[in-house]
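Trainee: I would like to learn how to read a model feature by feature. Where do we begin?

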Amino acid sequence: MEPYFLIWGAIAVAVLSARRHWDSVTSFGVWLACTLLIGLRDQVGGDWRNYLPYYDRQIGQPFNFALESDEAGYAISNWLAASQDWGVYGANILCGGIFSLGLVIFCRAQPRPWLALALAFPYLIVVVAMGYSRQGVAIGLEMLALLALEQNRLLPYLTWIALAATFHKTALVMLIAPALTLSGNLRFFNLLRLALLGGTALGLYNTFLADSVDTLQRNYIEAGYQSQGALIRVVLCLLPALIFLWQRHAFPVTPQQRRLWTVISLMAVGLAIWLVVSPSSTAVDRIGLYLIPLQLFVGSRLPELRLQGLPPGTWNQLLLAFSLAVLAVWLLFATHSFAWVPYRNLLLPF
C-alpha cells in the first residue's frame with residue numbers, strides 16, 4: 001500500500017509549498033498522472049473482475065451494438081478498446097481520462113486546487129475511480145455539470161448529466177439540483193428554464209430509467225443490500241454540508257454558487273436521514289457518491305474562513321491530517337481494501 005501513501009505525500013507537499021493556482025502545464029501533469037494511475041492499474045479495485053465481461057461483450061461487434069447497449073457511454077469505451085485490441089486497460093484509460101478531466105477542471109476552479117486534490121485522493125480517486133469505473137466517469141462528468149450550474153448555465157448542465165447517465169444511470173438523481181436552485185421569482189425566464197428541465201428530465205427518464213426502474217428497485221431497495229462503511233461515507237459528506245449550512249454567508253462565493261451548494265448540502269443532510277430509515281444502505285451509498293464534490297468545494301475554502309481563529313496554514317495542516325486519516329483507515333481497516341493492495345500498474349516493473 002506504499003504507493004498510495006507516497007502519492008498522497010507528494011500531493012501534501014504541493015499543498016504546503018506550491019502556488020495556489022494551477023497553470024495549464026500543472027493541470028495537464030495532474031490529469032496525465034491521474035489517468036495513468038487509474039487507467040493502467042492491473043487487477044486493482046473491488047469490481048475488477050465484474051467489469052471484464054463488459055469488454056468481452058464488445059469483441060468483434062459492430063459499433064451499433066455498443067451504441068444500442070444499456071449505458072452506451074461505457075459500452076462505447078469498451079468497443080473502442082476492443083476494436084483496437086487494447087484489452088480492458090484501453091477501456092480503463094478512456095474512463096480514467098474522462099474522470100480525471102472532470103476532476104482536474106473542478107479542482108482548478110477551486111481557490112486551493114492542491115488541497116481539493118488532497119481531499120479527493122483517499123476516496124474519490126482511490127476507491128471510486130479505481131473501483132467503480134462507470135460511476136467514477138459519471139462523477140467526473142457531474143463535476144463539469146456543477147461548474148456549469150454555478151454559472152447558471154442550465155443547458156450545459158443538462159448535457160453533462162445526460163452524458164454521465166450513459167455511464168451510470170444513477171447520475172440522473174442530480175437533476176434535482178437545478179430545479180431547487182431556481183430563484184423564487186417565477187418570471188418567464190425561470191418558467192422557461194423549469195419547462196426545459198422538466199422536459200429534459202422526462203426524456204432522460206424514458207431513455208435511461210423507464211425500463212430499469214423495477215430492476216433498480218429490486219436490486220437496491222427490496223433486496224435490502226447493505227454497504228459496509230456506508231455510514232462513514234455519508235458522514236464524510238454530512239460534515240462539510242453542516243459546515244457550509246452553518247457558515248454559508250461567510251463563504252466567498254457568488255449568489256448562484258451559494259444556492260447550488262446549499263441544495264447539495266441539504267441533499268447530504270437528507271441522505272443521512274435516509275440512511276437511518278432506508279432498508280438498503282447500498283442505495284444510499286451509491287447516490288451519496290454524487291455528493292463527494294461537496295467535500296472538495298467546502299474543504300478548499302475552509303482555510304480562508306479562519307474558523308475558531310485558526311490561520312489558513314493551520315487549517316491546511318488539519319485538512320491534510322484528515323485526508324491522511326481517511327486514506328489510512330480505509331486501506332488498513334476497510335473490509336474490501338485487500339482488492340486494492342498491493343497496487344499494481346502496467347508501467348511499474350514489480
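Mentor: Begin with exposure. A residue is buried under 20% relative accessible area, exposed over 50%, and partly exposed in between. Keep in mind that this is a predicted model.

Trainee: Is L231 buried or exposed?

Mentor: Its relative accessibility is 57%, so L231 counts as exposed. L231 sits in helix α13.

Trainee: Which residues make the nonpolar surface patch?

Mentor: L231, V235, L239 and F322 make it, with an area of about 340 Å². Helix α13, residues 230–247, contributes the most, with three residues.

Trainee: Which residues of α1 are buried?

Mentor: Y4, W8, I11, A12, A14 and V15. Look down the axis of α1: these buried residues fall within an arc of 160 degrees, so they line one face of the helix.

Trainee: What do the buried residues of α1 pack against?

Mentor: Against α7 (113–131) and α18 (312–333). The face turned away from the buried side carries exposed residues: E2, L6, V13, L16 and S17.

Trainee: On to charges. How many salt bridges are there?

Mentor: The rule asks for a side-chain nitrogen of Lys or Arg within 4 Å of a carboxyl oxygen of Asp or Glu. By this rule the count is four. Among them is D70 with K169, whose closest N and O atoms are 2.9 Å apart. D70 lies in the loop between α4 (63–67) and α5 (72–83), and K169 in the loop between α9 (154–165) and α10 (176–180), so this pair ties together parts that are 99 residues apart in sequence.

Trainee: Are D70 and K169 buried or exposed?

Mentor: D70 is exposed, with a relative accessible area of 54%. K169 is buried, at 6%.

Trainee: Which residue forms a salt bridge with R134?

Mentor: E71 does, with the closest N and O atoms 2.2 Å apart. R134 is in helix α8 (residues 133–150) and E71 in the loop between α4 and α5, so the pair ties together parts 63 residues apart in sequence. Both R134 and E71 are buried.

Trainee: Which residue does R112 meet in a salt bridge?

Mentor: E304, at 2.6 Å from N to O. This pair links distant parts of the chain, 192 residues apart: R112 is in the loop between α6 (88–108) and α7, and E304 in helix α17 (residues 302–305). R112 counts as buried, at 8% relative accessibility. E304 counts as partly exposed, at 30%.

Trainee: Last, the backbone. What is phi of E71?

Mentor: Near 55 degrees, a positive value in a residue other than glycine. E71 is buried, with a relative accessible area of 10%. D85 also has a positive phi, near 60 degrees, and is likewise not glycine. D85 lies in the loop between α5 and α6. Its relative accessibility is 65%, so D85 counts as exposed.

Trainee: Is the peptide bond from V341 to P342 cis or trans?

Mentor: Cis, with omega near -5 degrees. P342 is in the segment after α18.

Definitions and conventions: Residues numbered from 1 in each chain as written. Predicted model: local features only at pLDDT ≥ 70, side-chain atom pairs only at ≥ 80, totals over all residues. Heavy atoms only, no water. Patch = residues over 30% accessible without salt bridge, like charges linked within 9 Å, V, L, I, M, F, W, Y side chains within 5 Å. Areas by Shrake-Rupley, 256 points an atom, 1.4 Å probe, with all protein chains shown as cover. Helix = DSSP H or I, 4+ residues; strand = E, 2+ residues; numbered from the N terminus. Buried < 20%, exposed > 50% of the residue type's maximum accessible area, 1.4 Å probe, protein only. Arc of directions from axis to C-beta. Contact = heavy atoms within 4.5 Å.
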